[in-house]
Amino acid sequence: MEDSTQLIADVREQMLYLQELGVELTSAVFEAETRNERREAGVTRQETRAEMPEQVMSVIPKSTPTLLSERPAGSLRESMPSLKGRLEPRRIAPPVAEVVPLPPEPQITETVKAETPQIIEMPEPTETIEQIRAEIGHDCTRCKLSTLGRKQVVNSVGNFDAELMFVGEAPGADEDEKGEPFVGRAGQLLTDIIEKGLGIPRKDVFIGNINRCRPPGNRAPEQDESIVCKPFLQREIAVVRPRVIVVLGATAAQNLLETKVPIGKLRGHFHDYRGTKVMPTFHPAYLLRDPHKKREVWEDMKMVRDLLAKN
Ligand code: SF4
């Protein structure tokens with residue numbers, strides 16, 4: 001009896017589905033119920049199919065199993081999404097709401113904090129250049145450059161009250177030998193830029209480097225080396241308080257301005273370092289290898305000269 005009730009329910013489902021397809025089957029429902037009764041009486045599937053009206057036969061594929069009760073309960077409904085809304089609730093499993101986990105709250109890490117742009121004021125000077133040098137000492141061992149063949153610490157030179165400051169990346173062989181930044185051929189070219197180009201005696205500007213010891217093989221200072229040594233230069237900048245800083249070469253410019261922008265894009269514009277104008281330009285050693293770049297350096301120096309000429 002229970003099978004019969006299931007079969008009738010399945011036939012009703014089929015009728016509803018066929019009605020949706022535009023087939024008029026009012027009488028077929030009763031015929032199907034009759035056939036169901038005949039099946040219970042032993043009438044074969046083929047006999048039942050042969051008695052179906054032509055309309056029904058045209059929409060039921062021959063391969064479709066005729067006895068719906070042979071399917072698992074509810075399987076037909078699942079194949080007919082349009083019926084789901086009107087069948088009895090007890091036979092339709094309510095849709096299970098998918099639990100979508102919320103994305104985790106963004107964590108403020110030390111890295112993110114470090115990359116967040118900050119407006120840093122130039123600190124008021126509370127020390128002298130001499131005190132800074134005394135703190136560095138003659139035999140500084142704060143970074144590994146002290147163990148890689150340097151001859152001496154090369155401190156900044158020039159006017160402690162200069163309006164114009166030049167900053168390079170680190171001493172080379174000549175500077176390491178003499179204990180002064182920007183000597184040798186590259187140093188002479190920088191002197192020409194300062195004195196012949198800008199018309200300022202070299203002794204009236206302040207010249208220093210991010211790192212004070214010579215890296216081996218004239219390589220650029222590595223990050224762990226710059227992090228340790230740069231604060232001394234920053235403290236000197238705070239003491240001198242120049243109106244303009246010219247940074248020479250990509251390494252020094254990117255380090256002071258804390259950027260990865262290439263020097264070719266940095267130069268030609270003033271940037272800001274704690275309220276002080278900064279003009280990046282090519283390193284004199286680079287100009288010795290590619291003299292055609294002198295014209296661009298001169299363009300940069302004219303901007304510096306014009307800015308210094310203003311009150
Ligand atoms: S580069 Fe600077 S921090 Fe490193 S040993 Fe020389 S003076 Fe000290």
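**A helix pair and what lies beyond**

Modeller: Ile129, Ile132 and Ile136 in helix 7 meet Phe232, Arg235, Glu236 and Val239 in helix 10. Contact here means C-beta atoms, placed from the backbone, within 7 Å. This is a predicted model: local features need pLDDT of at least 70, side-chain atom pairs count only at pLDDT 80 or more, and totals for chains, interfaces and linings use all residues. Residues are numbered from 1 along each chain as its sequence is written. Helices are DSSP runs of H or I with at least four residues, strands are runs of E with at least two, and both are numbered from the N terminus.

Ala, Val, Leu, Ile, Met, Phe, Trp, Tyr, Cys and Pro count as nonpolar; Asp, Glu, Lys and Arg are charged; the others, Gly among them, are polar.

Now the geometry. Helix 7 and helix 10 pack at about 170 degrees, with axes 10 Å apart. Because of that angle, helix 7 is roughly antiparallel to helix 10. The term covers angles over 145 degrees. Axes are lines fitted to C-alpha atoms over the stretch in contact, and angles run from 0 to 180 degrees between N-to-C directions.

Helix 7 spans residues 129-136; of these eight residues the number buried is zero, so the helix lies largely in the open. Buried means 20 or more other C-beta atoms within 10 Å of a residue's own, all placed from the backbone. Glycine 137 follows helix 7, with a positive phi near 85 degrees.

In total, 14 residues surround the ligand, and the closest are Cys140, Arg142, Cys143, Cys213 and Cys229. The criterion is a backbone-placed C-beta atom within 6 Å. By class, the shell has eight nonpolar, three polar and three charged residues.

Six strands form an open, mixed sheet in the order 1-3-2-4-6-5. Strand 1 (157-158) and strand 5 are the edges, each pairing on one side only. Pairing takes at least two DSSP bridges. Strand 4 (residues 244-248) runs parallel to strand 6 (residues 276-281) over five bridges. There, valine 247 has proline 280 as its bridge partner. Strand 5 (residues 271-273) joins strand 6 antiparallel through three bridges. In their hairpin, which has two residues between the strands, arginine 274 takes a positive phi near 50 degrees.

Notes: A residue is buried if 20 or more other C-beta atoms lie within 10 Å of its own, exposed if 12 or fewer, and partly exposed in between; C-beta atoms are placed from the backbone. Angles under 35 degrees count as roughly parallel, over 145 as roughly antiparallel, 65 to 115 as roughly perpendicular and the rest as oblique. Two residues are in contact if their C-beta atoms, placed from the backbone, lie within 7 Å.
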